Amino acid sequence: KDKVDNNKLDNSGYLSFEEDPNADDAAMVAENTKGLLNGTKHYPVRTDGKKVVYLTFDDGPSEHSTEKILDILKINDIKATFFVLGSAIDNNSRSEEILKRIAKEGHAIGSHGYSHNYSQLYPNRTVDVNAFMKDLEKNDMLLKSILGKDFNTRLIRLPGGHSSWKGTQELDKVLQEKNIWQVDWNSLNGDAESKDLPKEVLLNKLKETVGNQDVVIILMH
């Protein structure tokens with residue numbers, strides 16, 4: 001028993017993607033969806049004739065919406081991916097509880113970095129690789145302090161999206177060396193464009209951007 005306990009991972013019981021029947025490998029998803037947003041890759045992407053939707057939520061955990069989202073996902077037995085933001089974690093008194101719930105209920109946790117500060121991360125709209133990696137590492141350390149020292153995620157989303165900035169080639173080299181995979185989106189509901197939009201507006205925007213795509217990564221907040 002002591003030997004088993006000593007070898008137990010300190011990650012709050014979070015599964016790796018290999019152990020999780022609901023998860024796809026971030027590397028596979030990144031490769032299959034790279035270029036969808038800017039139109040350099042065309043449909044169909046999948047070769048099995050099926051369609052897949054990845055629900056993704058950026059910028060949390062939020063005190064007023066993340067738990068409501070988790071309730072809805074649980075009721076409908078749906079798993080999602082949360083790209084969590086370090087500054088949001090530090091500004092939310094219940095973030096530790098919410099993050100552990102996200103993990104416990106089988107959702108994926110990706111990193112959205114710590115600051116979401118465009119001028120710091122992308123001066124003159126060009127990626128500052130050192131600043132970006134320090135920001136990412138700061139968020140990683142924060143996540144480990146909450147979810148356990150053995151918690152690890154290879155999945156990230158750049159604040160503002162990968163295709164929005166110049167100089168991403170150098171960043172991509174560093175990410176590849178560290179086995180980190182970034183994933184953008186190719187569909188959204190527009191919930192970040194204005195506060196308190198009617199649900200019908202959000203749904204119509206979502207339908208419009210989904211179109212006939214066979215791989216859909218939906219951006220929500």
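I started with helix 7 and helix 8, and their crossing is right-handed. For handedness I go by the near helix: turned clockwise from the far one it is right-handed, turned anticlockwise by less than a right angle it is left-handed. Helices (H or I, at least four residues) and strands (E, at least two) are DSSP runs, numbered from the N terminus.

A note on what I am looking at: this is a predicted model, where local features need pLDDT of at least 70, side-chain atom pairs count only at pLDDT 80 or more, and totals for chains, interfaces and linings use all residues. Residues are numbered from 1 along each chain as its sequence is written, and side-chain values use heavy atoms, with hydrogens and water left out.

**Helix 7 on helix 8**

Helix 7 covers residues 129-147 and helix 8 covers residues 168-177; I found that their axes come within 10 Å and cross at roughly 40°. That angle makes helix 7 oblique to helix 8. (Axes are lines fitted to C-alpha atoms, for helices over the stretch in contact, and angles run from 0 to 180 degrees between N-to-C directions. Under 35 degrees is roughly parallel, over 145 roughly antiparallel, 65 to 115 roughly perpendicular, and the rest oblique.)

Which residues of helix 7 and helix 8 make the contact? I listed Val129, Phe132, Met133 and Leu136 from helix 7, and Glu170, Leu171, Val174 and Leu175 from helix 8. Contact means heavy atoms within 4.5 Å. By class I get 7 nonpolar, no polar and 1 charged residues here. (Ala, Val, Leu, Ile, Met, Phe, Trp, Tyr, Cys and Pro count as nonpolar, Asp, Glu, Lys and Arg as charged, and the others, Gly among them, as polar.)

**Helix 5 and its two partners**

Next I turned to helix 5 (residues 95-104), whose axis comes within 11 Å of that of helix 3 (residues 66-75), with a crossing of roughly 20°. Helix 3 and helix 5 are therefore roughly parallel, and helix 3 passes helix 5 in a left-handed crossing. On the helix 3 side I noted Thr66, Glu67, Leu70, Asp71 and Lys74, which meet Ile98, Arg101 and Ile102 of helix 5. That contact has 3 nonpolar, 1 polar and 4 charged residues.

Helix 5 also packs on helix 7, at about 80° and with the axes 10 Å apart, so I call that pair roughly perpendicular. There, Glu96, Leu99, Lys100 and Ala103 of helix 5 meet Leu143, Ile146 and Leu147 of helix 7. By class that gives 5 nonpolar, no polar and 2 charged residues.

**Empty space**

Rolling a probe the size of a water molecule over the atoms shows where empty space is left. The search uses a 1 Å grid over the protein atoms alone: a cavity is a set of points where a 1.4 Å probe fits but cannot get out, a pocket is an open set with protein on both sides within 12 Å along at least five of seven lines, and lining residues have an atom within 4 Å of a point. Grid points are joined across faces, edges and corners, and a volume is the space filled by probe spheres set on the points.

The largest pocket holds about 1100 Å³. I counted 35 lining residues, with Ile69, Asn189, Asp191, Leu202 and His221 nearest the centre. Helix 3 gives the largest share of this lining, 5 residues. The lining has 19 nonpolar, 9 polar and 7 charged residues.

The second largest pocket holds about 890 Å³. It has 39 lining residues, and Tyr14, Phe17, Ala23, Asp24 and Ala108 lie nearest its centre. Strand 1 gives the most here, 4 residues. I sorted this lining into 20 nonpolar, 10 polar and 9 charged residues.

I also found 1 cavity of 30 Å³ or more. Which residues line the largest cavity? They are Asp140, Leu143, Lys144, Phe151, Asn152 and Thr153.

Most residues other than glycine have a negative phi, and most peptide bonds are trans. Against that I noted a cis peptide bond joining Tyr43 and Pro44, with omega about 0°; Pro44 sits in the loop between helix 2 and strand 1. Another cis bond joins Gly60 and Pro61, with omega about 5°, and Pro61 is in the loop between strand 1 and helix 3. Ser12 is not a glycine, yet has a positive phi of about 60°; I placed Ser12 in the loop between helix 1 (2-7) and helix 2.
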